[in-house]
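Subject: Structure handover

Hi,

Here is the structure I promised you. Please open it first, then read my notes below.

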Amino acid sequence: MTTIDLSTSETPAKTVPARPPRRALDWKAETERFALLGAWMLLIAIFGMLMPESFLSWRNFSTMFGSQAVLVVLTLALLVPLTSGDFDLSGASVLTMSSMLIAVLNVREGWPIAPVILIALASGAVIGAVNAVFVLYFRIHSLIVTLGIGTFVNGLILWISQSQTISGISMDLVGWVIINRFLGIPLAFFYALLLAGILWYVLEFTIPGRKLLFVGRGREVSRLNGIAVDRVRAVSFIVSGLISAFAGVLYAGMTGSADPLSGLSLLLPAFAAAFLGATTISPGRFNAFGAVIAVYFLVTGITGLTMLGADAYVQNLFYGGALVIAVALSQLVRNRQPQDFS
Amino acid sequence: MQKLLTGAFLAVCTYGMTAPAMADPMADAKAIIAEHEKMPVFEAPGDAFDAKACMKDKKVLSIPISMTIPFNVELQKAMASAADEIGFTYTTWDNQLKVDQWIQGVSQAISQKYDALDIAGGLNPEVLGPQLSEARAADLKISTTHLYDVTQTQFGGVDYSAKVDFSGAGKLLAAWAYVKTEGKPNVLIVGSSDVLPSIPFVKAIQAELTALCPECKQKHLDVPVSEWATKIQPGVQSALISDPGINFVLPIYDSMSQFVFPALRITGSEGAVKIASFNGTPFVLDMLREGQVNMDIGESLGWAGYAAIDNIMRMICGLPSVAKLNVPLLIFDEKNVKTAGIPANFNDGYGDAYLGGFRKLWKLN
């Protein structure tokens with residue numbers, strides 16, 4: 001089970017009154033909800049003052065928004081099983097497999113790009129289903145299964161690519177990911193935003209979404225309430241695989257190429273963004289827009305530091321430091337409630 | 001590391017300040033380029049010797065940094081091919097970038113009584129210090145292949161090193177940027193200080209640019225190898241936005257290009273900012289053919305494999321080490337990129353002068 005906390009007020013079994021009593025504005029809670037957003041704005045203001053010409057240009061923001069779309073989508077993919085209480089460590093492998101399938105089938109085999117994208121997406125769903133089978137049928141922890149399946153997929157990627165980087169992916173895909181723009185921002189950003197909106201709507205306002213959340217908060221309670229826990233968890237793995245594969249499609253479109261290793265390095269930044277995102281908008285809960293804000297908060301810091309000429313190690317100090325400090329502050333605001341990753 | 005970087009920085013500054021002013025920098029830069037546009041010819045790296053007689057019953061084991069890297073796979077193939085021509089036992093220790101596998105490789109060489117151990121394709125022998133001491137104690141000769149720059153001193157635990165002219169490649173990249181911008185380069189160099197030869201490589205680019213054009217702007221973005229996928233693109237984007245005058249990006253290893261080019265695309269700099277690099281990796285040559293990369297300096301891995309075996313044999317046979325790996329650097333640009341094959345590969349486009357040259361040198365004919 002993977003939850004940030006177990007707030008008794010949100011226990012699913014509790015009867016929700018038809019019209020909740022009106023409460024006074026909880027400034028502490030509201031401050032926590034928007035603290036990361038505020039920190040992001042503060043960061044923009046600081047870098048803006050230091051480099052008004054370059055940092056505050058629309059070109060800079062459109063570049064930041066467009067170039068991080070892959071990371072946003074991968075973070076959203078991980079968020080689905082995290083919500084239902086599972087880890088998916090195979091996400092980056094699925095991403096890499098998806099982009100490599102596109103490269104191999106489109107460039108080497110000469111297949112048209114549209115069916116190739118469908119095959120890539122299907123591969124993600126299949127890998128998600130395999131994860132689900134091992135986790136649910138054999139009752140193995142998701143960390144172990146997804147680590148093993150991810151490593152297996154990495155081997156498949158090296159095999160099908162013959163350890164080679166393949167360039168020359170269809171310009172149609174590249175066009176629809178990075179070249180075509182709306183408001184000067186590459187379309188990839190809007191795909192990521194749309195996906196975040198869909199996830200937010202599903203998790204907040206639909207019965208399957210609420211079931212996913214309930215399963216994450218308490219599997220036994222959910223089961224006793226008649227929720228088909230295994231089916232919900234299985235769907236979360238498949239959806240995670242599908243979205244990770246979509247991230248791979250964007251990755252292939254972003255670089256116009258695929259290599260067997262580089263996509264794997266996106267796993268930890270995606271998890272970092274998911275956990276950082278859980279400190280904002282709906283604190284204590286993995287949430288789509290929190291994850292989006294987390295990704296752009298981190299990339300704003302790194303972009304600003306790079307533009308100021310900071311060394312690579314300073315970026316790591318910022319990335320790791322911001323994550324730990326933000327989560328620690330959030331915990332202080334929440335009176336240091338224990339985090340449960342059992 | 002800090003001392004090393006500070007030292008490198010001071011050396012660059014010193015070189016930059018003391019670099020002699022060139023009478024005609026454009027002519028000098030063009031001369032450097034012209035030298036590397038010609039089809040490579042074989043130049044004997046040392047005296048001829050009877051390789052078959054000397055290597056009779058000898059065994060060599062080579063540990064590449066990782067066999068998941070295409071460069072290493074091709075280099076090892078060429079080395080095995082050369083060993084096969086001569087007729088000695090040559091074993092590649094297959095691994096996937098894991099220290100425990102490298103250690104196993106050294107143990108295997110000792111227990112199986114190999115005569116020489118080669119550390120190839122970028123693996124730093126210092127990470128195997130105790131194991132190499134043990135190998136030496138067991139009378140194995142130890143060499144490195146394609147690791148050090150010609151200006152670097154080899155690790156004490158190593159006998160011979162086939163060094164690469166990374167500094168020469170650096171000078172060539174600087175000359176290319178200077179000529180192609182008509183003497184007005186504003187360059188972003190993308191390096192990786194965690195890779196052993198990167199520091200002299202970057203230093204050579206910086207020094208040559210300073211010598212050609214003391215007032216021209218240059219910037220260095222340093223990204224560790226493990227972070228290429230996540231840091232190169234945002235780093236290049238930031239540099240291009242903070243200085244819209246940048247007209248050339250020089251990623252020192254051409255595999256970086258797959259992350260540099262999206263940065264050009266997303267910032268709208270495609271066409272105005274050009275990419276030139278080093279290695280001749282096939283997918284980058286494909287990018288060059290498609291107009292995404294402006295120039296790539298290639299080195300034939302077939303040639304490199306034979307040259308590496310040549311130096312290993314000189315070590316075993318008691319002949320002096322070669323000054324540098326006998327591999328010419330060849331410019332690939334839009335004019336000749338198709339000679340590298342469609343899709344490109346590691347060996348086409350360089351000719352096969354090395355085959356006849358080495359066979360004669362080893363008295364195989």
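A:Gln162 sits in the loop between H7 and S1 of chain A. Helices (H or I, at least four residues) and strands (E, at least two) are DSSP runs, numbered from the N terminus. This is a predicted model: local features need pLDDT of at least 70, side-chain atom pairs count only at pLDDT 80 or more, and totals for chains, interfaces and linings use all residues. Residues are numbered from 1 along each chain as its sequence is written, while chains are lettered from A and ligands numbered from 1 in the order in which they are written.

Most residues other than glycine have a negative phi, and most peptide bonds are trans. Chain B has a cis peptide bond, between B:Ile342 and B:Pro343, with omega about -10°. B:Pro343 belongs to the loop between S11 and helix H13 (353-361) of chain B.

**Helix pairs in chain A**

Take helix H5 (residues 91-108) and helix H7 (residues 142-161) of chain A. They pack at an angle of about 20°, and their axes are 9 Å apart. Axes are lines fitted to C-alpha atoms, for helices over the stretch in contact, and angles run from 0 to 180 degrees between N-to-C directions. H5(A) is therefore roughly parallel to H7(A). (Angles under 35 degrees count as roughly parallel, over 145 as roughly antiparallel, 65 to 115 as roughly perpendicular and the rest as oblique.) H5(A) and H7(A) cross in the left-handed sense. That means the near helix is turned anticlockwise from the far one by less than a right angle; clockwise would be right-handed.

Which residues make this contact? From H5(A), they include A:Met97, A:Met100 and A:Val104. From H7(A), they include A:Val153, A:Leu156 and A:Ile157. Two residues are in contact if their C-beta atoms, placed from the backbone, lie within 7 Å. By class, the contact of H5(A) with H7(A) has 8 nonpolar, 5 polar and no charged residues. Ala, Val, Leu, Ile, Met, Phe, Trp, Tyr, Cys and Pro count as nonpolar, Asp, Glu, Lys and Arg as charged, and the others, Gly among them, as polar.

Now look at helix H9 (residues 187-205) and helix H10 (residues 207-217) of chain A. Their packing angle is about 75°, with axes 5 Å apart. H9(A) and H10(A) are therefore roughly perpendicular to each other. A:Val202, A:Leu203, A:Glu204 and A:Phe205 of H9(A) meet A:Pro208, A:Gly209, A:Leu212 and A:Leu213 of H10(A). The classes here are 6 nonpolar, 1 polar and 1 charged.

Strands of a sheet pair through backbone hydrogen bonds, either parallel or antiparallel. Two strands count as paired if DSSP finds at least two bridges between them.

One open sheet has 5 strands in the order S2-S1-S3-S4-S5 (chain B), with parallel pairing. Its edge strands are S2 (89-92) and S5 (160-164) of chain B, each pairing on one side only. Strand S1 (residues 59-64) of chain B runs parallel to S2(B), joined by 4 bridges. B:Leu61 stands opposite B:Thr91 in S2(B).

Another open sheet has 6 strands, S7-S6-S8-S9-S10-S11 (chain B), with mixed pairing. The edges are S7 (218-222) and S11 (330-332) of chain B. Neighbouring strands of this sheet are turned by 20° against each other on average, direction ignored. Strands S9 (residues 274-279) and S10 (residues 295-298) of chain B pair in the parallel sense over 4 bridges. There, B:Ser277 stands opposite B:Asp296 in S10(B). Helix H8 (residues 198-212) of chain B lies across S6, S7 and S8 of chain B, at about 170° to S6(B).

**Domains and chains**

Chain B is assigned domain 1 (51-164 + 300-328) and domain 2 (166-298). These bounds come from an automatic or database domain assignment. The C-alpha centres of the two domains of chain B lie 30 Å apart. How many residues touch across them? In chain B, 10 residues of domain 1 contact 8 residues of domain 2.

Last, the two chains meet. The contact takes 35 residues from chain A and 31 residues from chain B. On the chain A side, the residues divide into 13 nonpolar, 19 polar and 3 charged.

Best wishes
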